[in-house]
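My notes follow the order in which I checked things.

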Amino acid sequence: MSAQIVARNLSFAHGPEVVLADVSLTVASGHRIGVVGPNGVGKSTLLRLLVGDLEPERGTVARVPADARVGHLTQELDVRAGETIADVIARRTGADMAQRELDASMRAMAAGDADAADRYSAALETWLHLGVADLDATMAETLERVGLGAGRAGQPAATLSGGERARVNLASVLLAGFDLLALDEPTNDLDLAGLALLEDFLVHSPAGFVLISHDRAFLERVVTSVVEIDEHERTATRYDGGWQAYLDARAAARRHAEEAFAGYVETRDSLRGQAQQTREWSAKGIGKVKRSGEPDKNIRAFNKASSEKLAGKAARAEKALERLDVVDKPWEGWDLRLDFATTGRSGDEVVSLRDVVVDHGAGFTLGPITLDIGYGERVALVGPNGSGKTTLLRTMLGDIEPTSGTVRVGPSVVVGTLDQSRGRFAGEEALVDAFVAETGILANEARSQLAKLGLGPEHVSRPTSRLSPGERTRAVLAAFALVGVNLLVLDEPTNHLDLPAIEQLEAALESYPGTLLLVTHDRRLLETVTLSRRIELAGGTIVADDPL
């Protein structure tokens, strides 16, 4: 069914803080729209307004037709108590709600309600459209397709790893029968195979979608339009033509704005200078006439007229200055600055594993693995979700005790870790207090350091559990800039980060002199950061170990 969401002049605020201002957007069947902007600028709020999870303070959102089926897949997979994988997918695809409505309409018919027949007809149409009758079969096929396995539908969802939750999210997208989709960071934690599946689905789906993503390669492949939310004005601008067209248009707009402002400043300063100089000349001329004692009245009249003529020129310059259209200076956001503090050099041996085996149960075993990481190596750990990358990292760092084998970390190694869950800043303490405890600096210094990563007064007093995943990631990176490390371990560091922060992360990694262990599925990050070694895992074992 052809469908649209039409949003006009949306405004929304959290108390005195304006989140969105006068935003208009249409999402229709066949549209492939990416929404970009810094963390905290209102991207997720915009999606929630579009799908009806939030009510705008001003403006309207309409579905055309009114019964258009709209799905919303949130940034983090929400798992409710007691749910299985099948339960989560049924809820996120709308199948459970469709089944409940069909059952309720049938009960209403049995009770003889006046409008029960129309209600049943609408419920049955939705039930059929979403494929609820065949969901068990299609779910098993899709779970196999995304790499989870057909037999895991009944597994408790709470037992899933981060990568497995990403696959459940992907399965929900592939199974969704919605006319329009709103997707919030759908690429987070997906491996390369999962990304390829998602990209293929979105490119060929007849449904329209609007999505939030900071994965540059994904945006290049998938979107045909980009909506940018301005950090300062909180308005939205739409650029059609795809990702590169957006980058080119934004750069051109910035260049034109800077040129217009420079031209305005040049003209303004010239008119001001001209007015001031001619006023001074006129005043000097009139004073000279008064003091000259010139007996010839014709000469006195000529000198006076000349001075008054200069005053007229000054007045005309001032009038021109008043008529000059003011051009505002292009606004510049906060200056994100990131670098990594280092400590003394570790020994040549950083991490050494000998015949390490980790038996997780549930059919997964890591190893046996023998591996040496030396000082200054810059290593990418790659492989599909579930291949053992995070387990290997946690075993190296002592978070997991091996079932057999030995792990040795060099005695002078100082580790800095960014884990997938961003758990270092996820408690009930205010951010500033947690940051002080983590780094040992004073509170005013903590505020200053956090501000460098875009975490300002509205963030520092907030409990860290209420920070977004992107904000928690920034807090960890801010700590790395203070606490010296010589082994940096980053597990999916670009998840939840916005584009300016990703670019700063890439620059900081380039200048970092210590040892680097990097797990990421961000294709641009792997291309941009200089690496010296690539270790590939599959099925819990190392299948390739190559210098770069």
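I started with Ile5, which stands opposite Arg63 in β4. This is a predicted model, so I kept its limits in mind: local features need pLDDT of at least 70, side-chain atom pairs count only at pLDDT 80 or more, and totals for chains, interfaces and linings use all residues. Residues are numbered from 1 along each chain as its sequence is written, and side-chain values use heavy atoms, with hydrogens and water left out.

**First sheet**

I followed β1 (residues 4–14) along β4 and found six bridges, with the two strands antiparallel. Ala7 has Val61 as its bridge partner in β4. For pairing I used the DSSP criterion of at least two bridges between two strands. Strands here are DSSP runs of E with at least two residues, helices are runs of H or I with at least four, and both are numbered from the N terminus.

Next I took β1 with β2. They pair in the antiparallel sense over eight bridges.

What is the order of the strands in the open sheet? I read β2-β1-β4, three strands with antiparallel pairing. β2 (17–28) and β4 (58–64) stand at the edges with a single partner strand each, so one side of each is left without a neighbour in the sheet. The twist averages 15° from one strand to the next.

I then checked what lies across this sheet. Helix α1 (residues 43–51) lies across β1, β2 and β4, and runs at about 55° to β2. Axes are lines fitted to C-alpha atoms, for helices over the stretch in contact, and angles run from 0 to 180 degrees between N-to-C directions.

**Helix pair**

How do α2 and α6 cross? The axes of α2 (residues 85–92) and α6 (residues 162–175) come within 9 Å and cross at roughly 45°. That makes α2 oblique to α6. Angles under 35 degrees count as roughly parallel, over 145 as roughly antiparallel, 65 to 115 as roughly perpendicular and the rest as oblique. I looked up which residues are in contact (heavy atoms within 4.5 Å). From α2 they are Ile85, Val88, Ile89 and Arg92, and they meet Val168, Asn169, Ala171, Ser172 and Leu175 of α6. The contact divides into six nonpolar residues, two polar and one charged. Ala, Val, Leu, Ile, Met, Phe, Trp, Tyr, Cys and Pro count as nonpolar, Asp, Glu, Lys and Arg as charged, and the others, Gly among them, as polar.

**Burial**

Is helix α11 (residues 389–396) enclosed or open? Six of its eight residues are buried, so α11 is largely enclosed by the rest of the structure. I listed Lys389, Thr391, Leu392, Leu393, Thr395 and Met396 as buried. Buried means under 20% relative accessible area, exposed over 50%, and partly exposed in between (1.4 Å probe, protein chains only). Just after α11, Gly398 takes a positive phi of about 85°.

I moved to β17 (residues 533–538) and β18 (residues 541–547), which pair in the antiparallel sense over six bridges. Arg534 has Asp546 as its bridge partner in β18. Two residues separate the strands of this hairpin, and Gly539 in the turn has a positive phi of about 60°.

The chain has 17 helices and 18 strands. Buried residues make up 48% of its 548 residues.
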